[in-house]
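Hello,

Here is the structure I promised to pass on. Please have a look, then read my notes below.

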Amino acid sequence: MEKEAMAGHVMVPLQSLSLELPDGESVVGYNKDTSALQEEILTLQSRQRHLDRRRREALDKLIDLKGSIRVFCRVPLLVQTNNLNAKSPVTVEQEKIAVKSVGIKKEFSVDRVFGQESTQGCFQEVKPILRSALDGHNVCILAYGQTGTGKTYTMEGTDGKLGIVPRAIQELFSHASEDSSSTYSFSISMLEVYLGSLKDLLAPRQPLFRSTECNTACNLSILATKSGAVEVEG
Ligand SMILES: Nc1ncnc2c1ncn2[C@@H]1O[C@H](COP(=O)(O)OP(=O)(O)OP(=O)(O)O)[C@@H](O)[C@H]1O
């Protein structure tokens, strides 16, 4: 099919194309155009670097203003969860949530509350952090809560409603492929802290273990270095 479409055309590589014009005028004009274009490309590249630096500075300031640690609260869709003891919160406001526990009302202030009606809207709050990661900063997204409260749903999502992890990967790869001025390398790890032990969720499981169990190969130790930093083995 492709061969038929090409019939009658001769493909000549650009570098081996030479123009023989009697007065040479067009050739000179062509060279002039090329150098003008190259100059324009250099100017645009330098402008892009300048704008990129300003964007990074603005994003750093925004993240400083919003706070480097941000807490979001997501109210699970109670009819979907298997938790029969789960109760709706007493009140839900934009940045405040009140719940009743053993008859006592407790109020919590957070950066943003996502109510039951919210689908995967919390991803919008994650987007600026991803950009910051591409700028070279260390970032961490942590889901915390009781069993059955929607941590896996929020982080992984379902086939129809992708969660934070797959959407973040899409976003990171999309930005990296658009940016021809830098090269990016990606590495991923996924950990779960449960009852004081740390599990590597990406470690291959032994066939004898059920999918919900974790064998010793994926139990990791948390170590403290001499300088006081915390490291996870593996
Ligand atoms: N916002 C929500 N909308 C729809 N379904 C939800 C929502 N939150 C949780 N669910 C559903 O509730 C159930 C429990 O959620 P999930 O498995 O994400 O909880 P979890 O916090 O990861 O639990 P565990 O700590 O036991 O692993 C799942 O069936 C999930 O699909």
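Start with glutamine 146. This residue has 10 other C-beta atoms within 10 Å, so glutamine 146 is exposed. Glutamine 146 sits in the loop between α3 (123-134) and α4 (151-155). Bear in mind that the model is predicted.

Glycine 150 is in the loop between α3 and α4 too. Its setting is partly exposed, because 18 other C-beta atoms lie within 10 Å.

The UniProt record brings these two residues together. Its unreviewed entry lists a "binding site" that includes Gln146 and Gly150.

Next, valine 71. Where does valine 71 lie? It is in the loop between α2 (25-66) and β1 (72-74). Valine 71 counts as exposed, because it has 12 C-beta neighbours inside 10 Å; the cut-off for exposed is 12 or fewer.

Which residues does valine 71 touch, leaving aside those up to four places away in sequence? They are Val110 and Asp111. Valine 113 is also worth a look. Valine 71 and valine 113 are 42 residues apart in sequence, yet their C-alpha atoms are 9.0 Å apart in space.

Now the whole protein. Its secondary structure consists of five helices and ten strands. Of its 234 residues, 4% are buried. Take the contacts between residues at least 6 apart in sequence: 38% of them join residues at least 24 apart.

Best wishes

Key. Residues numbered from 1 in each chain as written. Predicted model: local features only at pLDDT ≥ 70, side-chain atom pairs only at ≥ 80, totals over all residues. Helix = DSSP H or I, 4+ residues; strand = E, 2+ residues; numbered from the N terminus. Buried ≥ 20, exposed ≤ 12 C-beta atoms within 10 Å, placed from the backbone. Contact = placed C-beta atoms within 7 Å. UniProt positions renumbered as here; feature names shortened; annotations may be inferred.
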